[in-house]
Amino acid sequence: MEVETTQLAGVMLIKPQFFEDFRGEYVETYNESEYISKGITCKFIQDDISISTQNVIRGIHGDAETWKLISCLHGKFYFVVVNCDTESSDFGKWQSFTLSDKNRWQILVPPKHGNGHLVISESTIFHYKQTTYYNPKGQFTYTWNDPKLNIWWPVKNPIISRRDEEGRFV
Ligand SMILES: Cc1cn([C@H]2C[C@H](O)[C@@H](COP(=O)(O)OP(=O)(O)O[C@H]3O[C@H](C)C(=O)[C@H](O)[C@H]3O)O2)c(=O)[nH]c1=O
């Protein structure tokens with residue numbers, strides 16, 4: 001597997017090795033010792049999936065403590081990470097990635113960063129590992145089309161939750 005830095009400090013792009021043969025495909029999605037050897041030393045304690053249909057955006061969500069390791073188990077989504085650390089000179093800086101069940105890319109998202117994804121395929125299974133247990137009160141929500149963040153999305157009228165509709169602007 002390859003681990004690459006990104007334009008955002010602490011955010012890593014992981015490209016797992018996958019194997020194809022006449023039966024299909026095989027990929028290790030997480031292997032603690034290998035990830036530690038590549039500098040990803042977070043202790044993951046909860047795994048989650050969300051399943052969404054085309055044109056759904058979930059996010060932008062985050063909190064002050066959690067590291068997340070994001071994967072696409074099925075389909076394809078446009079994934080955005082935003083620095084939401086109000087004390088950072090990079091506050092508001094964002095980067096997008098396209099994750100799919102073809103490229104098998106993963107993104108490591110540090111605390112104080114928000115993440116959101118738009119479903120490109122007919123449906124997608126979004127998977128992540130996280131280093132804390134679910135604490136809804138600790139989470140922040142920024143609106144996907146916040147004019148100050150000025151994130152580019154390949155959609156004009158996404159399907160979003162009430163929580164995301166009511167998310168705050170910067
Ligand atoms: C996050 C979470 C949610 N839930 C329950 C609570 C709600 O009844 C339901 C949907 O939750 P929510 O609307 O917050 O789900 P998403 O909009 O997909 O947001 C979540 O998934 C995105 C990708 C994030 O990265 C966020 O951190 C996380 O908030 O699942 C749980 O039971 N456990 C959990 O860990």
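**Entry 1: the enclosed strand**

My opening question: how many residues of strand β11 (residues 113-119) are buried? First, the ground rules. I am working with a predicted model, where local features need pLDDT of at least 70, side-chain atom pairs count only at pLDDT 80 or more, and totals for chains, interfaces and linings use all residues. Residues are numbered from 1 along each chain as its sequence is written.

I call a residue buried if 20 or more other C-beta atoms lie within 10 Å of its own, exposed if 12 or fewer, and partly exposed in between, with C-beta atoms placed from the backbone. Strands are DSSP runs of E with at least two residues, numbered from the N terminus. By that count, seven of the seven residues of β11 are buried, so the strand is largely enclosed by the rest of the structure.

I then checked the two sides of β11. In a regular strand the side chains alternate between the two faces of the sheet. On one side of β11 I found H113, N115, H117 and V119, and on the other G114, G116 and L118, all of them buried.

**Entry 2: the sheet around it**

Next I looked up the neighbours. Five strands form an open, antiparallel sheet in the order β9-β8-β11-β6-β13; two strands pair if DSSP finds at least two bridges between them. β9 (94-100) and β13 (140-141) stand at the edges with a single partner strand each, so one side of each has no neighbour in the sheet.

I went through the pairings one at a time:

- Seven bridges join β8 (residues 76-83) to β11, antiparallel, and V80 stands opposite G116 there.
- Three bridges join β6 to β11, also antiparallel, and I57 has L118 as its bridge partner.
- Two bridges join β6 to β13, again antiparallel, with G62 partnered by F140.

The largest one has 28 residues, and I70, F77, V80 and V82 have the most contacts inside it. At least two residues each come from β6, β7 (68-74), β8, β9, β10 (106-109), β11 and β12. β8 gives the most, with five residues.

Leaving out residues up to four places away in sequence, V82 touches I60, G92, W94, H113, G114, Y142 and L149.

**Entry 3: the ligand shell**

Around the ligand I listed D48, S50, R58, H61, N115, Y134, Q139, S161 and R163; a residue is near a molecule if its C-beta atom, placed from the backbone, lies within 6 Å of it. β5 (46-53) and β6 (57-62) are the elements that give two or more residues to this shell.

I sorted the shell by type: one nonpolar, five polar and three charged residues. Here Ala, Val, Leu, Ile, Met, Phe, Trp, Tyr, Cys and Pro count as nonpolar, Asp, Glu, Lys and Arg as charged, and the others, Gly among them, as polar.

**Entry 4: the annotated pair**

Which residues carry the "active site" feature in UniProt? The unreviewed entry places it at H61 and Y128. UniProt positions follow the numbering used here, feature names are shortened, and annotations may be inferred rather than shown by experiment.

H61 sits in strand β6 and counts as partly exposed, with 18 C-beta neighbours inside 10 Å. Beyond four places in sequence, H61 touches G114, N115, Q139 and T141.

Y128 lies in strand β12 (residues 123-130). Is Y128 buried or exposed? Y128 is buried, with 20 other C-beta atoms within 10 Å. Setting aside neighbours within four places in sequence, Y128 is in contact with D48, K68, L69, I70 and S71.

**Entry 5: an edge-strand residue**

Last, I looked at Q95 in β9. Q95 is partly exposed, with 16 C-beta neighbours inside 10 Å. Leaving aside neighbours within four places, Q95 is in contact with T6, Q7, L8, V11 and V81.

Notes. Helices (H or I, at least four residues) and strands (E, at least two) are DSSP runs, numbered from the N terminus. Two residues are in contact if their C-beta atoms, placed from the backbone, lie within 7 Å. A nonpolar core is a set of buried Ala, Val, Leu, Ile, Met, Phe, Trp, Tyr and Cys residues joined through C-beta atoms within 7 Å.
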